[in-house]
Amino acid sequence: MPLARKPFGPAGTGLTGFVTRDPADASTDPTDAERAQLDAAVELLAGRRMALLTGAGLSTDSGIPDYRGPDAPPRNPMTYQQFVGDPVMRQRYWARNHVGWHHLRHAVPNAGHEAVVHLEERGLLTGVITQNVDRLHSDAGSIRVVDLHGRYDRVLCLSCGSVYTREGIARLLEKLNPGYLEQVGAEWDTAPDADAEIADTEGFTVADCPVCDGMLKPDFVYFGENVPKERVRLAYAAVDDAGALLVAGSSLTVMSGLRFVRHAAKEGKPVVIINRGQTRGDDLADLKIDMGVGTALQYLARSLPEPGRTQHDAGAQPD
Ligand SMILES: [Zn+2]
C-alpha cells in the first residue's frame, strides 16, 4: 500500500503538539495576477447565489494534510469491503484511526472557513457541500452544511444503527488498549480521515457496539460505498437553488464531488474552481484559479456584491 510521506506538522510536535493557528494568521493578500483572476470571478459570480463545494485543500491551513495536494503522493484508503470483510484490516483501521483521531481533533477552523461563514451571512450561499469529514465548517459557524463523506466526530453501529460520539468511543478504546498511544509515540504521518500510518497494529483491540456487540464503523463514506441518498439530494438541492457553483480546494478526483460540477455545467450555471493544481473538473469550469483557497475565499467574501446587485452597485458608497 503506498503511503503518504507528507510530514504532519513540524517534526517532534507529538500527540499534544497539533498545529493550531489563529484564523487571522492565515490571512494573506493575493498577488496581482491572482487578484486579476479573482476579479474575473467576482464579475462572473456577481448577483448570483452560489453553492459551494469544498475539499481537503480548504483544511490544509488548519494543519490537516491533503490526500491529493501537489505534494501528496497517491494513496489507497481502505475500502468498505475490506473493512467489513476482514477482521485484520478492521483492527488495522481502528488502531490507525485511534491514533490519528487524537491528533486531528485539535484542529480549528482557518480563515478560509471563516470566509465561508461570512459568505453565508451575506446571503450569497445556498449551501456548503463538503467532502471533508473534519467538521471545521460547522465549527466555524456555517449553517447549511452537507457532510457529503460523513463526519469524523461520530461512530455508527452497522448492526443496530446506534450512533456514538467519537469522543466516547475513544474512551472505550483507551480502556481496551491501555498505554497504546504512548507506545506508538508521535513519529508517523496521517491523512485527513485520521488514518495515522502505524506499522504495528496487531496487538490492538477493536471496540464493539456497547448496545448489541455489533461492528462499529466511523461515520465516513468509504471507498466502495455510496453517499447516502438523502445527503446527495440535499447537495443537489443546494446546486439547483444556486445560480452558480464555486469549488474550493478539491481536485474532484472522486465522482461524488465531480457530479455536482457536471450538473451545474449542464444547467448552464457558471462554475468557478479554486484549487492548487489540476482538477478533474477544469474542462467544465468557466474559470479556474490556481491559488490558495483561504486567500481566495477571503477576497471573494469581501468583494462579491449582495445577491441581486451588480458589482458596480457594491462598489458605490451609500449616501
Ligand atoms: Zn449496535
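At what angle do the axes of helix α8 and helix α9 cross?

**Entry 1: ground rules.** I am working from a predicted model, where local features need pLDDT of at least 70, side-chain atom pairs count only at pLDDT 80 or more, and totals for chains, interfaces and linings use all residues. I number residues from 1 along each chain as its sequence is written.

**Entry 2: α8 and α9.** I looked up helix α8 (residues 229–241) and helix α9 (residues 255–266); their axes come within 10 Å and cross at roughly 30 degrees. Helices here are DSSP runs of H or I with at least four residues, strands are runs of E with at least two, and both are numbered from the N terminus. The axes are lines fitted to C-alpha atoms, for helices over the stretch in contact, and angles run from 0 to 180 degrees between N-to-C directions. The angle makes α8 roughly parallel to α9. I use the classes as follows: under 35 degrees is roughly parallel, over 145 roughly antiparallel, 65 to 115 roughly perpendicular, and the rest oblique.

I noted the crossing of α8 and α9 as right-handed. That word applies if the near helix is turned clockwise from the far one by less than a right angle, and left-handed if anticlockwise. On α8 the contact is made by A235, Y236 and V239, and on α9 by F260, H263 and A264. Contact means that the C-beta atoms of two residues, placed from the backbone, lie within 7 Å. The residues of this contact of α8 with α9 divide into five nonpolar, one polar and no charged. In that count Ala, Val, Leu, Ile, Met, Phe, Trp, Tyr, Cys and Pro are nonpolar, Asp, Glu, Lys and Arg are charged, and the others, Gly among them, are polar.

**Entry 3: α1 and α10.** I next checked helix α1 (residues 32–45) against helix α10 (residues 293–303), which pack at an angle of about 45 degrees with their axes 10 Å apart. That makes α1 oblique to α10. The crossing of α1 and α10 is right-handed. I listed L38, A41 and V42 from α1, and A296, Y299, L300 and S303 from α10, as making the contact. By class, the contact of α1 with α10 has six nonpolar, one polar and no charged residues.

**Entry 4: the annotated cysteines.** I found C157, C160, C209 and C212 under the UniProt annotation "binding site", from an unreviewed entry. UniProt positions are given in the numbering used here, feature names are shortened, and annotations may be inferred rather than shown by experiment. The four span 56 residues in sequence, yet no two of their C-alpha atoms are more than 8.6 Å apart, so they gather at one spot.

I placed C209 in the loop between α7 (180–184) and β6 (216–220). C209 counts as partly exposed, with 19 C-beta neighbours inside 10 Å. The scale is buried for 20 or more other C-beta atoms within 10 Å of the residue's own, exposed for 12 or fewer, and partly exposed in between. Leaving out residues up to four places away in sequence, C209 touches C157, S159, C160, S162, G214 and L216. C212 also has its place in the loop between α7 and β6, and it is exposed, with 12 other C-beta atoms within 10 Å. With sequence neighbours up to four places away not counted, C212 touches C157, S159 and C160.

**Entry 5: positive phi.** I noted D213, not a glycine, with a positive phi of about 65 degrees. D213 is in the loop between α7 and β6 and is exposed, with 11 other C-beta atoms within 10 Å. L252, not a glycine either, has a positive phi of about 55 degrees. L252 lies in the loop between β7 (244–248) and α9. L252 is buried, with 26 other C-beta atoms within 10 Å.
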